Every structure is written in structure tokens, then in C-alpha cells.
Amino acid sequence: IMLGARRGRYSNGTVKPIPGHSLTMAGLGVLILWFGWFGFNAGSTTALGVDLSKIAVTTNLAAAAGAVGALLTGWTLLKKPDVGTTLNGALAGLVAITAGCADSTPAVAALIGLTAGIVVVFSVLLLDKLKIDDPVGAISVHGTAGAWGTLAIGLLATDKGGWDQFVVQAIGVGAAFVFAFGAGLILFFILKKTMGLRVSEEEEAQGLDLSEHGAEAYADFRISQR
């Protein structure tokens, strides 16, 4: 909101896609994150005496289901099976299951992940409709899918579910949002009014690798763009 959209992102009432330089690298990045999530979820609970194999299974199922949910939803809405949307679906499933990875059955984990994959697509489309430019869908993956996964504990968790737990989870989501959004808005407003947040239009067009480091990181990509 403070930074504003990338130049040319929204024009004449349409959303102009600005693709990254490599879907292959994006896919590799998601697979590395997926693998790392086993350490993140299972490894972070070693002191609790929880069944680590169960956590690994719920984590994996949620990610896979998230990818499927985003793939099918994006395919239905966009008329094509979009790779970037599918990758974000896998990440959304991983984020969503993190809160309840130890308290979900495999079936519930798959449901949480599948729902996260669906929700993340609609969240991306909504932000674009509001002209909030999120280049990699981070708000939708971590914010929207994360909120869903946190609330899902109250709705679906095997041992801790129930209305009282749902209310606790909702309060937690609200408190995290108010603090993070409020503090971020204030901080970036101050930065915008003092040192500024954006580079010049020329630097934006050239890319910061060239303006800040004197080298082009993706020369082939820039040639193809010309």
C-alpha cells in the first residue's frame, strides 16, 4: 500500500502480468521450501515428544493437496493450468498446516491444504482487484492461508478443536494482523516521507542489479523483453 504498484501493473482497468525470469527456478525454490518444511514442522516439535512421522505426513499431505487445490481452481478460473498458481498452492498448504500439524489427522491435513490452495487463488485475485500489487503472492500465501490454517485448529483439530479454541485462534489471528499491519503501515509511511521507498522509473525499468551493482543478473531475460 505504501510502496505502490509496479509501473504498468494496472492500466486501463486491466491487470498486466509481469512474469518472473524463470519458472524453473521458482519451482526449484518451492521444492526446497517443501523439503525444508519437514525440519520446520517436525524438527521444531522434538522437545514435545510428539510423533514426528505423523507431523511429516500431515505436512506433506497438506502441501500436495494445496498444489492440487490451486491447480484446479486456477484452471477453472483462468482456463489454463498455471504453474505459478500451482506452486503457490503448495506453499499455501505448507503454511496452513503449520499451526495444526501435530493435531490433525492425515485426512484433516489434506482438507486444510486443499482449502488453502483454493483460498490462495481467490486471495490473489482479490488483491489485484483492489490494486494491491503483491509480486509473488506472499500476502495470500502467508497471510490468508496462514490465517485459515490457524482458524482450522478450532474447526478441525482432533484433540483441541471446538468453539472455544476457534475463538482463541481468531483472537490470535486478529492480534497478529493488527500488530503487523499497523506497525508496518506506520514504519513504511515514515520511510516514504523521509528517505523514500522507490527508485526512479529509469532504475525500475533497468533493474536494480544494474543500478546498484553495475551488472545484469538476467541479461538473456532483458534481451527477450526488449
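Read along the sequence, the protein follows the pattern β-β-α-α-α-α-α-α-α-α-α, that is, nine helices and two strands; helices (H or I, at least four residues) and strands (E, at least two) are DSSP runs, numbered from the N terminus. The model is predicted: local features need pLDDT of at least 70, side-chain atom pairs count only at pLDDT 80 or more, and totals for chains, interfaces and linings use all residues. Residues are numbered from 1 along each chain as its sequence is written, and side-chain values use heavy atoms, with hydrogens and water left out.

Of the 226 residues, 30% are buried (under 20% relative accessible area, 1.4 Å probe, protein chains only). Contacts (heavy atoms within 4.5 Å) with a separation of 6 or more come, in 63% of cases, from residues 24 or more positions apart.

Turning to helix α1, its 19 residues (23–41) should span 27 Å at 1.5 Å a residue, and the end C-alpha atoms, 26 Å apart, agree with this; the expected span is 1.5 Å times one less than the number of residues. Gly27, Val30, Trp34, Trp37 and Asn41 of α1 are buried, with α2 (52–78) and α3 (83–98) among what covers the buried residues.

Leaving aside residues up to four places away in sequence, Leu94 touches Trp34, Trp37, Thr59 and Ala63.

Definitions and conventions:
Buried < 20%, exposed > 50% of the residue type's maximum accessible area, 1.4 Å probe, protein only.
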